[in-house]
Amino acid sequence: MATRTTEPLDPGIAFYTPGTLRFYDLLVHGISNRFVWRCPTARLVEQYDRHVSARHLDVGPGTGFLLDRCRVPVTRPELTLLDANPAVLTYAARRLARYIPTTIEADVRLPLSLGDARFDSIGLSYVLHCIPSSMADKTRILAGLAGLLSPGGVLFGSTILADGVDHCRRARAVMGLYNRKGIFGNAADNRDELEAALSHTCPRFELAVVGSVALFAGSVE
């Protein structure tokens with residue numbers, strides 16, 4: 001395991017303790033995605049089905065739910081999990097033990113030193129809206145990850161936006177609460193800036209909105 005985090009974790013990262021991770025799938029995939037964000041978890045799994053490869057990096061894997069449920073194209077993929085929170089890495093790696101994943105403890109906001117490692121797919125699901133920074137900073141994160149793709153590789157993910165999506169009243173209330181508590185950092189995130197970030201990062205990209213959630217994918221030459 002490579003370690004880069006030495007500072008105290010931000011609230012949006014530190015929130016994911018072994019205790020909260022035990023309830024994450026029920027809260028997020030069972031309740032929030034359907035009734036708050038109105039983007040069924042099946043849509044996120046479909047995105048993984050479409051883009052995950054035999055040499056995959058998952059940034060912010062959470063509980064490992066999506067990788068556990070999706071159709072990985074080979075029996076023994078080269079799977080790497082990256083997160084600033086060691087509790088997340090331990091939980092996800094245990095769930096995905098059948099793939100013998102490599103874990104990297106690192107903050108995606110900082111330059112990543114992964115040597116010559118390159119990936120055919122990189123997943124970034126429900127990560128950007130947890131990062132308390134501007135879309136300009138999130139653009140740099142996307143660009144840095146795109147630089148880890150092999151030719152023809154795909155960077156894909158999903159994020160909850162504040163503007164440019166169709167929020168219901170519940171979503172606005174929950175998003176406001178999470179931003180006040182520091183669990184989310186997306187109060188200024190909007191669809192136009194995300195689209196501009198993808199355009200800057202990937203020569204070819206797609207962006208779709210389902211409820212409060214933007215699903216995106218981009219490829220490099």
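Is Ile100 buried or exposed? In this predicted model, Ile100 is exposed, with a relative accessible area of 58%; the cut-off for that class is over 50%. Ile100 is found in the loop between α5 and β4. The phi angle of Ile100 is near 50 degrees, which is a positive value in a residue other than glycine. A positive phi in a residue other than glycine is also found at Arg38, where the angle is near 55 degrees. Arg38 sits in the loop between α2 and α3. With a relative accessibility of 28%, Arg38 counts as partly exposed.

Helix α5, which spans residues 86–95, has the buried residues Ala87, Val88, Leu89, Ala92 and Ala93.

The buried residues of α8 are Leu194, Ala197, Leu198 and Thr201. They lie on the same side of α8, because the arc that they cover around the axis is only 95 degrees. On the face turned away from this buried side, α8 carries the exposed residues Asp192 and His200. The partners against which the buried residues of α8 pack are two strands that follow it, β7 (204–210) and β8 (213–219), together with α6 (135–146) and β6 (149–160). The N-terminal end of α8 is capped by Asn190, with a side-chain oxygen 3.1 Å from the backbone nitrogen of Asp192.

Glu195 also lies in helix α8. Glu195 counts as partly exposed, at 35% relative accessibility. When neighbours within four places in sequence are left aside, the contacts of Glu195 are with Phe205 and Leu207. The C-alpha atom of Glu195 is separated by 13 Å from that of Ala143, a residue 52 positions away along the chain.

The packing of α8 against α6 can be followed at Leu142, which is placed in helix α6. Leu142 counts as buried, because its relative accessibility is 0% and the buried class is under 20%. Not counting residues up to four places away in sequence, Leu142 touches Leu124, Leu128, Leu155, Ala197, Leu198, Thr201 and Phe216. Of these, Ala197, Leu198 and Thr201 are among the buried residues of α8. Leu142 and Leu198 are 56 residues apart along the chain, yet their C-alpha atoms are separated by 7.7 Å.

Helix α6 also holds Lys138. Which residues does Lys138 contact, leaving aside its neighbours within four places in sequence? The contacts are with Leu128, His129, Ile131, Ser133, Gly185, Asn186 and Asp189. Lys138 is buried, with a relative accessible area of 0%. The side chain of Lys138 reaches the backbone oxygen of Ile131 at a distance of 3.2 Å.

The largest pocket has a volume of about 700 Å³. Its lining consists of 45 residues, and those nearest the pocket centre are Tyr16, Tyr24, Tyr126, Val127 and Cys130. Two or more lining residues come from each of α1 (11–14), α2 (18–36), α3 (41–51), β2 (55–59), α4 (65–69) and β3 (78–83). Helix α2 gives the largest share of the lining, 8 residues. Sorted by class, the lining of the largest pocket has 30 nonpolar, 10 polar and 5 charged residues.

How many cavities of 30 Å³ or more does a search of the whole structure find? The search finds 1. The volume of the largest cavity is about 30 Å³. Val52, Ser53, His56, Leu67, Val72, Pro77 and Leu79 line this cavity. The lining of the cavity divides into 5 nonpolar and 2 polar residues, with no charged residues. The lining of the largest pocket, in contrast, includes 5 charged residues.

How values were computed. Residues numbered from 1 in each chain as written. Predicted model: local features only at pLDDT ≥ 70, side-chain atom pairs only at ≥ 80, totals over all residues. Heavy atoms only, no water. 1 Å grid on protein atoms, 1.4 Å probe; cavity = no way out; pocket = protein on both sides within 12 Å on 5 of 7 lines; lining within 4 Å. Points joined across faces, edges and corners; volume = space filled by probe spheres on them. Helix = DSSP H or I, 4+ residues; strand = E, 2+ residues; numbered from the N terminus. Nonpolar A, V, L, I, M, F, W, Y, C, P; charged D, E, K, R; others polar. Buried < 20%, exposed > 50% of the residue type's maximum accessible area, 1.4 Å probe, protein only. Arc of directions from axis to C-beta. Contact = heavy atoms within 4.5 Å. Polar contact = N/O pair within 3.5 Å; in protein donor to acceptor, adjacent residues only side chain to side chain.
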